Amino acid sequence: MLYILGTDHAGLLLRDFVKTYVLKSGHEVLDFSPTHNGRVDYPDFAQKVCKEILKTKNSKGILICGSGLGMSIAANRYKGIRAALCLDAYMAKMSRLHNDANVLCLAERISGLGEIESILEAFIHTDFEGGRHQCRISKIEDFEE
């Protein structure tokens, strides 16, 4: 699986931790984060990541900003993207299991590294359950028409 990573300036400290975790889990990372720590706008990086996910099979995204809110709002504007802001492992597991989330949004200013590690573990290692949940995902996709 390819994980496409993007942050704004408020997510740069967490980026390296996330990238290392994903690589150690046996996955690839494509990083669209800024190369400097000056102020940048989160929608620009959400856009880069979402567009890449939509054109790259077998990929998911991870977006990081201070609260995770801006990234999740921006990412969910794209048809085919189901971005979930997860503040704990349960939310991450359910985002995959029931909602087939393809983008994980993280909050650098809220979650500690231990919590982030458990969130990543749950998101990366949980598959979509399908079944009754697929019907619900299809209804959401109909909104996009």
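## A buried serine and its surroundings

Ser111 is buried, with a relative accessible area of 10%, where buried means under 20% relative accessible area, exposed means over 50%, and partly exposed lies in between (1.4 Å probe, protein chains only). The model is a predicted one, in which local features need pLDDT of at least 70 and side-chain atom pairs count only at pLDDT 80 or more, while totals for chains, interfaces and linings use all residues. Residues are numbered from 1 along each chain as its sequence is written, and side-chain values use heavy atoms, with hydrogens and water left out.

The protein chain holds six helices and five strands, which are DSSP runs numbered from the N terminus (helices: H or I, at least four residues; strands: E, at least two). Read from the N terminus on, these elements follow the order β-α-β-α-β-α-β-α-β-α-α. The radius of gyration of the protein chain, taken over C-alpha atoms, is 14 Å, close to the 15 Å that the globule rule gives for 145 residues, so the chain is as compact as a globular protein of that length; the rule itself is 2.2 Å times the number of residues to the power 0.38. Of the 145 residues in the protein chain, 48% are buried.

Ser111 is found in the loop between β5 and α5, whereas Leu87 has its place in the loop between β4 (83–85) and α4. The table sets these two residues side by side, with contact meaning heavy atoms within 4.5 Å and with neighbours up to four places away in sequence left aside.

| Residue | Relative accessibility | Contacts |
|---|---|---|
| Leu87 | 34%, partly exposed | Ala107, Ile110, Ser111, Glu115 and Ile119 |

Leu87 and Gly112 are 25 residues apart along the chain, and their C-alpha atoms are separated by 9.7 Å.

Helix α5 (residues 113–125) has 13 residues and reaches 18 Å from its first C-alpha to its last, close to the 18 Å expected at 1.5 Å a residue, the expected span being 1.5 Å times one less than the number of residues. Within α5, the buried residues are Ile116, Ile119, Leu120, Ala122, Phe123 and Ile124. An α-helix has 3.6 residues a turn, so residues three or four places apart point the same way. The cover over the buried residues of α5 includes β1 (2–7), α1 (12–24), β3 (59–65), α4 (89–97) and β5 (103–107).
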